[in-house]
Structures are given as C-alpha cells and as structure tokens.
Amino acid sequence: MRTVDILNKAKGFAACMTLLFCLSGCAAVVVGGVAAGGTYYYVTGWLNKDYSASLNQAYTASLEACKELGLAIQKRHKNLTEASIDAKDSDRDVWISLESKTANVTKISVRVGLTGDKIASQRIHEAIAKRL
C-alpha cells in the first residue's frame with residue numbers, strides 16, 4: 001500500500017471514531033432525559049425542563065418551591081425575558097435560571113452544588129411543577 005492510501009484510511013478511521021464518540025455522548029444525554037420522564041435533560045450539572053407557563057408564573061412557582069423546600073433565597077433577579085434565583089441548601093449553593101422561550105413557555109434550569117446534584121435538582125423541579 002502507498003503511504004497516501006494509509007494516511008487516508010487513518011483519517012477516515014479517526015473521523016469515524018470522533019463521530020462515534022460525539023454521538024455516544026449525545027445518546028447518554030437523551031437516554032437520561034427519557035429515563036427521567038422524557039421532559040428533563042441534564043447537561044453539565046444543570047437539570048433543564050421546558051414548562052407551559054409564562055415567565056411570571058414560572059418565577060412565582062420557583063420562589064414558592066424554594067420556600068416549601070426550606071431553601072434560603074440569597075438573591076433574585078427578573079426582567080422581561082429571564083430571571084434567576086440564588087439560594088442556599090444547608091451548605092450547598094442552588095441556582096435556578098429561568099428563560100422565556102415564548103409567551104407561554106419557560107425553560108427552567110436548576111443546579112445544586114458546584115458539580116450538580118441531579119436528584120436534588122429533580123426535587124426542586126418537582127416542587128416547581130406542583131405549582132404550575
């Protein structure tokens with residue numbers, strides 16, 4: 001075989017392996033979302049979900065959920081298209097980010113702790129969902 005042919009095959013193999021690696025990572029995120037009911041998706045420590053609610057409704061529900069769960073609200077912010085809540089759960093930081101996607105759809109992202117705690121984030125989402 002010629003050197004050029006070997007290099008071309010190696011490039012093709014590397015491209016296939018890269019594509020396979022990328023797709024396997026995406027599959028893990030999708031499978032995780034399906035296991036959680038098909039509506040949540042967990043990415044880099046944030047548990048995300050789209051809700052059929054306005055930003056105002058979602059923000060109010062998030063504040064009420066924090067109170068129910070005993071989270072100490074440290075800081076909150078809201079404008080026309082986004083909002084955020086910073087809270088404390090004992091010794092861990094909690095971040096709730098809200099983004100208006102349309103007039104009646106809001107994406108809520110929750111992160112508990114520096115690296116993320118999927119189970120704790122899901123409990124917060126469940127408390128929010130009860131109010132929407």
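1. Strand β6 (residues 105-112) has 6 of its 8 residues buried, so the rest of the structure largely encloses it. Buried means under 20% relative accessible area, with a 1.4 Å probe and protein chains only. Strands are DSSP runs of E, at least two residues, and helices are runs of H or I, at least four, numbered from the N terminus.

2. This is a predicted model, where local features need pLDDT of at least 70 and side-chain atom pairs count only at pLDDT 80 or more, while totals for chains, interfaces and linings use all residues. Numbering starts from 1 along each chain as its sequence is written, and side-chain values use heavy atoms, leaving out hydrogens and water.

3. β6 pairs with strand β5 (residues 92-102) in the antiparallel sense, over 8 bridges. Pairing requires at least two DSSP bridges between the strands. Leu-98 has Ile-108 in β6 as its bridge partner. A hairpin through 2 residues joins β5 to β6.

4. Strand β2 (residues 46-51) also pairs with β6, antiparallel, over 5 bridges. Here Asn-48 stands opposite Ser-109 in β6.

5. Now the helices. The axes of α2 (residues 55-68) and α3 (residues 118-129) come within 8 Å and cross at roughly 120°. Axes are lines fitted to C-alpha atoms over the stretch in contact, and angles run from 0 to 180 degrees between N-to-C directions. α2 and α3 are therefore oblique to each other, a class left after under 35 degrees (roughly parallel), over 145 (roughly antiparallel) and 65 to 115 (roughly perpendicular).

6. Ala-61, Ser-62 and Ala-65 in α2 meet Ile-124, Ala-127 and Ile-128 in α3, with contact meaning heavy atoms within 4.5 Å.

Notes: Buried < 20%, exposed > 50% of the residue type's maximum accessible area, 1.4 Å probe, protein only.
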